[in-house]
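Here is a short tour for anyone who is new to reading protein models. Have the sequence and the picture ready, and follow along chain by chain.

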Amino acid sequence: MTPLAGYLLVAALLFSIGLAGALTRRNAILVLIGIELMLNAANLNLIAFWRYGPHPEALTGMMFAIFSIAVAAAEAAVGLGLVISIHRHAHTTDLNLMNRMKG
Amino acid sequence: MSLVFYLLAALTVAGGLAAMLLKNTVHCALALTVAFAGLALLYLDLDAQFAGFAQLLVYVGAVAILVVFAILLTKGSETPKDGVFSHTWLAGLAVAAAVFAVLAWSILQSVSRLPQAAKAPTVTVQQIGVALISRYVLPLEIVAVLLTVALIGAVIVAMHEKEGGAQ
Amino acid sequence: MIETADQIFVLLLHWLVSFLPASWQPVASAVLCAAVIVCLFPALFALTVWLERKGLGRMQNRLGPNRVGPFGLLQPIADGIKSLTKEDIVPFSADAAVHFLAPIVLVVTVFMGFAVLPMGRNMVLVDLDAGLLFYFAMGASTELAVFMAGWSSRNKYSLLGAMRAVAQMISYEVVLLLSSVVVVMITGSLSLTRIVEAQSHYSWGLPHWYIFTPWGLAGFVMYAIAATAETNRSPFDLPEGESELVAGYHTEYSGFKFALFFLGEYVAMFSISGLGTTLFLGGWSAPFSFLTWVPSWIWFFSKLMLSIFVFIWLRGTLPRLRQDQLMNFAWKFVLPMCLLNLLVTGLWRFLGDGWLRWVICSAILLLAYAGIALGEQRRKHIGPRSYRYAE
Amino acid sequence: MQQAISFTPQFMASPIAEILWLIPAVPIVAAGVIALMKQPRRKAAATLAIGSLSFSLLLSLFAFGYVLSGWMSGVATREVVNFTWIQAGASQVDLGWVLDPLSAVMLVMVSLVGLLIFIYSTGYMEHDENYTRFFCFMSLFAGAMLGVVIANSLLLLFMCWELVGLTSYLLIGFWYQRPAASAAAKKAFLVTRVGDVFFLLGIVWLFSQTGTLLFYNHGGGSLEPLALAGLLAQPAALGLTAAGAIGLLIFAGAAGKSGQFPLHVWLPDAMEGPTPVSALIHAATMVAAGVYLIARVYPLMQAGALAGGTTTALTVVTWVGASTAVFASLIAVAQNDIKRILAYSTISQLGYMMAGLGMGGVAVGMFHLITHAFFKALLFMGAGSVIHGCNEEQDIRRMGGLRTKMPWTFGTYAVGMLALCGFPLLFSGFWSKDGILEAAQHWSVARTPLYLLVFGALLTAFYMTRQVAYVFFGRWKGGKSAHESPAVMTAPLAILAFFAIALGAIGTPAWPWFRAFLDGRATGFDMHGFAEPGLMALMGVSTLVVFLGLGLGWLPYGNRSPEPEEPDVLERAVPPLWAALRDRLYVDQFYGVTVIAFYAWWARVSDWLDRRVWGGAVAGVAWAFRLWAQLNRSLDNNIVDGSFDKGCEELTVSGGLLARVQTGRVQTYLRILALAVVALAAILIWSSRA
């Protein structure tokens, strides 16, 4: 098994863990954490492909990862801000209690 | 497949699992930082120095702190009585498992086609900088704008209404 | 002869390592250097504690420690023994694991910082291409340790202290980064050895240290402020404001863990001073061209101790700030000034050589500072302070 | 008269020429800034306007000095800076500016007079609450005018030209509360449009012929021999060459701006604007822009002229100019509004300039333009000072005896008046007018213009004397007592008066410096300039005419101040003539019954069409649709609705069912999302596997 496959598997595992968390946890913050994990798994993929790809000197994958790190930071900031404001209104961070959008 | 890789992978996955499974939210956050650190080390293992350190700086240094702050601000640190998992946790788990199955399957399918170990590329920070301001300058600018917007947006969203933006 | 004196430690290392088979040598040398660092700085820490207590004593018209050994020189050792032999108390409701991990994480991350500091010619543990970035990554990680300590010990003082500390460190981390970026802009490299080399040229016998340029001076001032805040030193020592919260985030620590925190703080001070030295004061380079025969490491450590003395001096002189003042200062004054400094550095970089850039850059900076000062005075911001009591 | 060695023209653009664009740019920017100011910021506005214009004046002086030094060292400066504005396929539109003696002289004149008038207006307008707006418009005008002056491209010139027109419109209607003012503004705008349409036609034609609108472009410009030759080769209608036709079209535009005979009607009404405006725009600069335009495109007008001969275009210019000169001064005789009299005299002087251009060449016309600018600005500002002093009284019959009440104004006004009449030897007006007469004397085509112009001179002297007698002599007949104006108003008057006298020195036949400067020839002082055949006689005649005019004016009006109501001396003498003159020879009435009436009729016709024809059609269509709608409704109610309602019920039911899916729980959605992704991925991989 090639090293790349190993990295990809780790990334897949991490992604699934993050997804599982995002799907199962009640606390909104933890859902956000799960999403962060998924993002990081994607970054790992990008970097792995950059490393073992045909043109590492083109830096494409690396750049992609760096940008996604930056964007993820912004996402975390806004997401947590939203959670805080929701908590201020609903006094809970439990997603199961936040179903005002019910059809 | 070096020993280092296995160790780091184990660390990272363990961190991720802990972050998703632990009851105490703050513990989850700390475990998350472990996972982040592991990922950073993985990057280093992949000769992506810059990305690795950036990962440390951004995630361990900033995002983790943000998360714990959010937890403390939302009194999330004490665990709720009726469990930390939603009652549909089984379905969620199943879906996640399905996703993993698909991913793993596709990877194992294409193992033969994946490139073998390549020689480590030598990338200096200078090259990255040059690339950032020459070829990737537009994304850079856009990210800059995005970060600014996110900063302002986060502040406004999290600000107390009664202070009416006085801060 | 001079060469050997300069490179003595390097030669020593090579000699020692040469006994081992080639395959082990890199690992061995790394371990050796790490060991040296880990031993050296605690010793320096002990010395510094004694210096600080003596110095503060002088400043406050007391004698300071003078019982243990000559001039109380053995005082630190006594303290060390005491803290080692003390009982290690963990509060009943505390989160044992985190409570245990916190000091370790702190000390480890702090020591990591030294890995990239060049302490003399060819005297750097790992010459990373992204050394500065690495350093800041490590510095960022210490905040987590502080938070762990404060949160895990289930004590409102600790928590408040930790929150204050983290908030303050985050705010000033930004300033720290921005004030260092100017150096990177000019040097064109994140590698600290490269930065030092860029500064170790001489014209008319004077070195090209960055502090001797307008932007460098401004940057250094910002850096010094940020460093003081980053290490929670007075006047920014709110996290441990004895009068407000008993001892901040390490209230609930005792014995050896407390010693670790204590050590951690001082070592952090060393490393941040070392970084400042490297960035602005020309690292291990001599202050005058005719002094280059003095071994480089001597210069580094003397500069280090000098800045440490400044820290002590500040502590002896300045009163403590209030939290809001602290934050306003960080976000409303220091940060904009750093951004301005970035601008000026860009100008400097592109105005090319010649006297013109000196005039323009210094003019801009001076105007900015003078203007702000005048404006503040006009708007009576620097007036009698008003107290807001907690309700 | 001089040895006709012509200097070598040079084209390299010097630094001063490079920054020439600043001269118009600065006042325009200032105008923009002032426009943003609040109304009470009076001081700031005035300061900004004056400061910017004095900057322009400084630059203009530099430019002039540069050209002058070039001239001294034997170089006829003509430096152009061109750049491409629009690049459309093969053809490109270039803009640019030119620095040559013509533009240099004009620059200095415009900015100097403008500056003086700005300073004057700070006094004149101080009681007006729209002070800032006034200065905004003023400096916008100054900028645009300077732009006209430096333009090296017919298009750029046209832009600034229109801008000038716009500001003139805005300033005439500055007191838009007065119906008269707003009407006058509209009139001015429309009438000048008539000219501008022809002008634009000329521009387009020129562009289509030569492919460029630049005047000078290192041999590639439209005024340079190459292009001119092409234009001459191109025949147009009625025996005209393209050059001649384009010249005539451009002249139409110029006539509109400079109020030449058929299009002069707007200028007298323009006096509704504030007096500084009349002085700056409708006496000194803008109206002169037409003359300047002709001077600028002179090579075009002159193209195809035989040696010493003339061309159709120039002939037309001459005749129009000469006739306007007499015509306007005739009307001026019978006016009672102090500013109107000056307005008509302006028209007639513009006629002189045109005639001078047509017969004597650039230098003759331009010289009169410059001198006239100074003394006419002086007269207008004097009139303004009088009006100001007599608290907004404009009827000369209600004034009188002001020479004691406002000595400064009187003295300066007298200087201006004498300059305008062309009082011999001492005043600039004499020399410039004399140059024109001399040109007319040597004109090969006809003698009539000479006689016309001489007659005009007589009338000028006459009506000016009448006015001065009415205003300054006799006894005061106004209501409240008059008072001298503040120094800020009189000082500019004094300065202008100085120029009104001194400028004459640069254009005497003995030392025709101005002409030499413009034509780029060397010159020196020699008395033989007077030895020109017939010159002495001509000067004698004009002197005689002037004295005659003064005398004729003084006899009936001097020192005896009739009551405001009692009819004028001439009116008693020859009532019909007087009536004709007072009603401005019925030109306005004529337009009223022809052009305007036609437009009114046409408007009525189209109105009728709208109401009856189109309106009817629309109504019919609408009616048809209403019918159709009725049918539809009956259909709907009975057939469609029933089924539709049923369908709606079904929809609500099914929607309710679907709504169950919307649990409002994020995780549910996320789950479904993930499932979908899984399915997609599976399909993808499966398909790619084979």
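Let's start with confidence: within chain A, the mean score is lowest in helix 3 of chain A, at 86, and highest in helix 2 of chain A, at 89. Scores like these come up because this is a predicted model. Averaged over chain A, the pLDDT is 84, and 94% of the residues score at least 70.

**Where chains meet**

How many residues of chain A are in contact with chain B? The count is 62 residues of chain A, and they touch 69 residues of chain B. On the chain A side, the elements that give two or more residues are helix 1 (3–24), helix 2 (28–52) and helix 3 (60–90) of chain A. Helix 3 of chain A supplies the largest share, with 20 residues.

Chain B also meets chain D: here 10 residues of chain B are in contact with 9 residues of chain D.

**A look at chain B itself**

Chain B has 6 helices and 0 strands, so to speak spelled out along the sequence as α-α-α-α-α-α. Of its 167 residues, 40% count as buried. Now take the contacts in chain B between residues at least 6 apart in sequence: 52% of them join residues at least 24 apart.

**Two residues with a positive phi**

Most residues other than glycine have a negative phi. Against that background, have a look at Leu59(A), whose phi is near 65°. You'll find Leu59(A) in the loop between helix 2 and helix 3 of chain A. Is Leu59(A) buried or exposed? Leu59(A) counts as buried because it has 22 C-beta neighbours inside 10 Å, and the cut-off for buried is 20 or more.

Asn122(C) is another non-glycine residue with a positive phi, of about 60°. Its place is in the loop between helix 4 (96–112) and helix 5 (131–152) of chain C. Asn122(C) has 16 C-beta neighbours inside 10 Å, so it counts as partly exposed.

**A hairpin and a helix in chain D**

Over in chain D, strand 3 (residues 79–88) and strand 4 (residues 91–99) pair in the antiparallel sense over 9 bridges. Across this pairing, Val81(D) stands opposite Trp97(D) in strand 4 of chain D. The two strands form a hairpin with 2 residues between them, and Gly89(D) in the turn has a positive phi of about 60°.

Helix 6 (residues 154–172) of chain D has 19 residues and reaches 26 Å from its first C-alpha to its last, close to the 27 Å expected. Helix 6 of chain D is also mostly covered, with 15 of its 19 residues buried.

In soluble globular proteins, nonpolar side chains tend to be buried together. In this model the largest nonpolar core has 218 residues, and those with the most contacts inside it include Ala49(D), Val113(D) and Leu453(D). Helix 16 (residues 362–389) of chain D gives the most to this core, with 17 residues. Apart from it lies another core, of 191 residues, and Leu59(A) is one of them, as are Trp209(C), Trp284(C) and Phe300(C).

What does Leu453(D) touch, leaving aside residues up to four places away in sequence? Its partners include Ala322(D), Tyr352(D), Ile436(D) and Leu437(D).

Notes
Residues numbered from 1 in each chain as written. Chains lettered and ligands numbered in written order. Predicted model: local features only at pLDDT ≥ 70, side-chain atom pairs only at ≥ 80, totals over all residues. Contact = placed C-beta atoms within 7 Å. Helix = DSSP H or I, 4+ residues; strand = E, 2+ residues; numbered from the N terminus. Buried ≥ 20, exposed ≤ 12 C-beta atoms within 10 Å, placed from the backbone. Pairing = 2+ DSSP bridges. Expected span 1.5 Å × (residues − 1). pLDDT = per-residue confidence, 0-100. Core = buried A, V, L, I, M, F, W, Y, C linked by C-beta atoms within 7 Å.
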